[in-house]
Amino acid sequence: MKQSLEVAEAVDARLAARLAQLRAERGWSLGELAERSGVSRSTLSRAERAEISPTASLLNRLCHVYGRTMSRLLSEVEAEPATLLRAAEQPVWEDRDSGFVRRSVSPPHPGLRGELVEGRLAPGADIAYDRPPVPGLEQHVWVLAGALDVTAQDVVHRLGDGDCLRLRVWGPTRFRCAGDAEARYVLAVVLP
């Protein structure tokens, strides 16, 4: 368990450095980034100094501003991408506040537009994204176990074992574990 915590802290530190680098590349102050993202300057500063581990919602807002998917951003803080990723090597990121665990099964790779993500939501977990990281992002949500409510364009889709929802994301979305057991799903993401 200690090694797992150390790995997570190392990923958080590299993520913080990458977030600071992305802002610097654009020549933005923390204030400018706060205006563009709707995230407070203090939260952005703490995230860039690895004083906090960003939530999924915070990363989604920053990904939108930087024109990246969350997987692409997280892959930028990983080691050089491999063509074969064994299950034990697949990067896992956890948003402890929301009960969301994200495994990058097939992370972004240069020359490829698609990626696969395994999501796990604890019972009662509810994640809302106010916008897609990239407008028109294609998503396929395939539920492996449990019940999942996915809201897109103000329509709630109740998904159960084996169900698949296909959509292009233009506005807010919401993922909610709708049952008493964990919801486990695969999210296929394809850049427009």
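The model is a predicted one, so local features need pLDDT of at least 70 and side-chain atom pairs count only at pLDDT 80 or more, while totals for chains, interfaces and linings use all residues. Residues are numbered from 1 along each chain as its sequence is written, and side-chain values use heavy atoms, with hydrogens and water left out.

Helices here are DSSP runs of H or I with at least four residues, strands are runs of E with at least two, and both are numbered from the N terminus. Which residues of H3 are buried? They are Leu44, Ser45, Ala47 and Glu48, where buried means under 20% relative accessible area, exposed means over 50%, and partly exposed is in between, using a 1.4 Å probe and protein chains only. These residues cover an arc of only 165° around the axis, which puts them on the same side of H3; the arc is that of the directions from the helix axis to the C-beta atoms. As background, an α-helix has 3.6 residues a turn, so residues three or four places apart point the same way.

After H3 comes alanine 50, with a positive phi near 60°.

Now to H4, where you will find valine 65. Is valine 65 buried or exposed? With 17% relative accessibility, valine 65 is buried. Leaving aside residues up to four places away in sequence, valine 65 touches Trp28, Leu33, Arg36 and Ser37, a contact being heavy atoms within 4.5 Å.

Tryptophan 28 brings us to the aromatic rings. Rings of Phe, Tyr and Trp (its six-membered ring) pair if their centres lie within 6.5 Å; planes under 30 degrees apart are stacked, over 60 edge-to-face, and the rest tilted. That rule gives three aromatic pairs. One of them is stacked: tryptophan 28 with tyrosine 66, at 5.9 Å centre to centre and 15° between the planes. Because tryptophan 28 sits in the loop between helix H1 (2–26) and helix H2 (30–37) and tyrosine 66 in H4, the pair ties together parts 38 residues apart in sequence. Tryptophan 28 is buried at 14%, as is tyrosine 66 at 6%.

Tyrosine 129 and phenylalanine 175 also pair: their ring centres are 6.3 Å apart and their planes at 80°, so this pair is edge-to-face. Tyrosine 129 is in strand S4 (residues 126–129) and phenylalanine 175 in strand S9 (residues 173–177), so parts 46 residues apart in sequence are tied together. Tyrosine 129 is buried at 13% relative accessibility and phenylalanine 175 at 5%. Together with Tyr185, Tyr129 and Phe175 form one aromatic cluster.

What sits over the ring of tryptophan 28? The charged end of arginine 26 does, 5.8 Å from the ring centre; the criterion is NZ of Lys or CZ of Arg within 6 Å of the ring centre and within 35 degrees of the ring normal.
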